[in-house]
Amino acid sequence: MLMLTHPIGELLKQWQTQRLITPLDRHFALELAHIESIATPSEQVDNGSSSLFLLVCALLSQQLSNQHSCLVIEQINLANPMAEESHRQQQVNCQITISHHQLIEHIGQFDAVGAAGENKPLILEHGRLYLNKYHFFETQVANKLSQLAKQPVNIDLSQSQLPQLLNSLFKANTTEQQAFDWQKIATATALINALAVITGGPGTGKTTTVTKLLLLLLTQSSLTIRLVAPTGKAAARLSESIKASKQRLLGELTQQPKTRITAVLMNALTQIPEEASTLHRLLGVIPNSHQFRHHQHNPLRLDLLVVDEASMVDLPMMYKLLSALPPHGRLILLGDQDQLASVEAGAVLADICVGLKQTSPHAPSPWSMRYSATQSEKITLLTGQDVSQFVHPQPQIGDSLCMLMHSHRFKGDAGIGLLANAVNRGNISAIRQVWQSNHAELNWFEHTPNAQAENLGKQQLLAMSVNAYGQYLQQIQDNQQAIINTNGADAIALPHSEQTIIDSFNQYRILCAMRAGEFGVEGINIAMTESLKQAKLISAQGEFYLGRPIIIQSNDYNLGLFNGDIGLILQDSSKPDRLMAHFVMADGSLLKVLPARLPSHETCFAMTVHKSQGSEFDQVSFVLPIRPSLSQWQLLTKELLYTAITRAKNHFYCLGSASIFEKASQQATSRASGLAWRLWGEDDSK
Ligand SMILES: Nc1ncnc2c1ncn2[C@@H]1O[C@H](COP(=O)(O)OP(=O)(O)OP(=O)(O)O)[C@@H](O)[C@H]1O
């Protein structure tokens, strides 16, 4: 059943030393072996069931540490389950000698392993092994989403003036050379469903669509609507986008002839909320607890919830969110299914969208809608667009989904959009073509592979970054000069407000693929600080110096600061000789915190791509590692590249080597989960 060169207890220690598993993975396996009443077989080589159990538990824990929701047994490499680097050793230390099918049967016989619904520490279902908790989250999320998708909504299509209202909102789109107005269809989808998932890349009009949707819903009845996003930054952006979208709509409606319809729409427009909060704040954080104030037994008081940046919502959080919805509550998820998956377990949005994916290389588009015949009729009735070609015999939750595919931000031949698209498709020749076309908004800095020589690409990147960060640092120096000129008087009008300086800082960001190493966040932050010091833009004396950007690394509920929040050390305008950390909150207000009171934090001239999700910058520099290790390669995926590229609105710089960029574009993130199978009844993971 197992071939081992050493006792499994020793091998677990060895794998931990080799960093193939974490100490937690090893202890998890040993703890479960204890529950299973298996004495740790450390004395002798035990090639039987006990060792197999320990191995499988270590593999499961390793999967959970890597943000998978479960261990897919069929994906275990029987010849080398722990992925030891066999080329460096004569032989791998461990091999499973039974088939996957036999392995599944065997695992099912352990005492600690139960079937779905059983109260056992581990659950085995459909060839997937779960920790009981994750199995619970996954089944609950699937059930709640499916129920919500079927929940009837109170709308009378035959009587309603909705088609007229829809037409007056979507007139402008008739100029587009598209067969379907997907924004209009998405709006109709969300009008007639309690669950709507509207996905699409940057600038495809998700916020525009949802604003029009809210407007239409508010013409039907008054509703309590809440807008949320996973992070403070994303919530602030949602707020800004909704405000801008309302403003654009107001302009459009004002230009239309004054009819009863426009009057109804204008009135409803004023009722659309603008303030967005974080998911944590919505659910009500209880300090030092994983529980929230709102849950199944104390549901949220709202009629409709809009969640932006839904790709960042992990499986446990999605469970908590769905549980807290009131029975009549409607849910709209907005997000980009191609972005990096959540930092914690699962890839919920991607799993929800899987059923729309077209696997045939000849498919005209990578995605296609999947409607029931009834839904197709309703959409046609509302929008006047015949979507019958998308009717599917097994629509599952397809009636709730709509994908926007046309970017209004990256038009036509704009380099950023073309590059994002080519990366998304993993098309190397298209990637090369984009880089070779010398687009004004794309710049490449080449890594100098010779370790002895100064990395020229890095020097170019640093010089360019000194320039880019120079703007906000210059504004800080202007303020300092103004203070000196007034001889330290207390209340003086500074030339640049804190908000202006923070806005300038947010124009540019360096994003790194990795945390560690010379080309990771740590190394680039050190190099950047040094370069800015040399350019006399910062003094960097002491820990907290004027202009130091910081990123928070843990949650502090009392201060209202959360992991990922970014602030700047600036002079306190009311007491200029005092330095304070300044943060812009989700509602646009400014939070000032004494540096000594800050929770754990680090410098943030450079940050990881993961932490940049939900943010956008005018210009972005992306830094790839020079010689990725085996474990670093696992993180270099096309989702990482895509997310980094699409954070840039106007200019994207990349420091790297073409071969690493291209190889990363060939690696797709895959998160083991049974959610797609539960929602769509098809197995995507096998
Ligand atoms: N149908 C349309 N015709 C023309 N311009 C549009 C249309 N829809 C959206 N836009 C414009 O595209 C830009 C992006 O729109 P919007 O903010 O709604 O997209 P988004 O998908 O929410 O973007 P993000 O990914 O940044 O959140 C806005 O300037 C908007 O005015």
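In this predicted model, phenylalanine 583 stands opposite leucine 591 in S18. The setting of this pair is an antiparallel arrangement in which strand S17 (residues 575-584) is joined to strand S18 (residues 590-593) by four bridges. The two strands form a hairpin with five residues between them, and glycine 588 there adopts a positive phi near 90°.

Of the 686 residues, 46% count as buried. Among contacts between residues at least 6 apart in sequence, 73% join residues at least 24 apart.

The largest nonpolar core comprises 200 residues, and those with the most contacts inside it are Cys57, Leu129, Val141, Ile198, Cys512 and Ile645. Helix H3 (residues 49-65) supplies the largest share of this core, ten residues.

| Residue | Contacts |
|---|---|
| Isoleucine 645 | Ile416, Leu419, Ala420, Val423 and Phe652 |
| Tyrosine 319 | Phe137, Gln140 and Val141 |

Isoleucine 645 is one of the residues with the most contacts inside the largest nonpolar core. Val141, a contact of tyrosine 319, is likewise listed among those core residues.

Tyrosine 319 belongs to helix H12 (residues 315-324). Is this residue buried or exposed? Tyrosine 319 has 22 other C-beta atoms within 10 Å and is therefore buried, since the threshold for burial is 20 or more. The C-alpha atom of tyrosine 319 is separated by 38 Å from that of isoleucine 431, which lies 112 residues away along the chain.

The ligand is surrounded by 15 residues, the closest being Gly205, Lys206, Thr207, Thr208 and His408. Which helices each supply at least two residues of this shell? They are helix H8 (206-220) and helix H9 (232-255). By residue class, the shell divides into eleven polar, three charged and one nonpolar.

Note on methods:
Residues are numbered from 1 along each chain as its sequence is written. This is a predicted model: local features need pLDDT of at least 70, side-chain atom pairs count only at pLDDT 80 or more; totals for chains, interfaces and linings use all residues. A residue is near a molecule or strand if its C-beta atom, placed from the backbone, lies within 6 Å of it. Ala, Val, Leu, Ile, Met, Phe, Trp, Tyr, Cys and Pro count as nonpolar, Asp, Glu, Lys and Arg as charged, and the others, Gly among them, as polar. A residue is buried if 20 or more other C-beta atoms lie within 10 Å of its own, exposed if 12 or fewer, and partly exposed in between; C-beta atoms are placed from the backbone. Two residues are in contact if their C-beta atoms, placed from the backbone, lie within 7 Å. A nonpolar core is a set of buried Ala, Val, Leu, Ile, Met, Phe, Trp, Tyr and Cys residues joined through C-beta atoms within 7 Å. Two strands pair if DSSP finds at least two bridges between them. Lists of a residue's contacts leave out its neighbours within four places in sequence.
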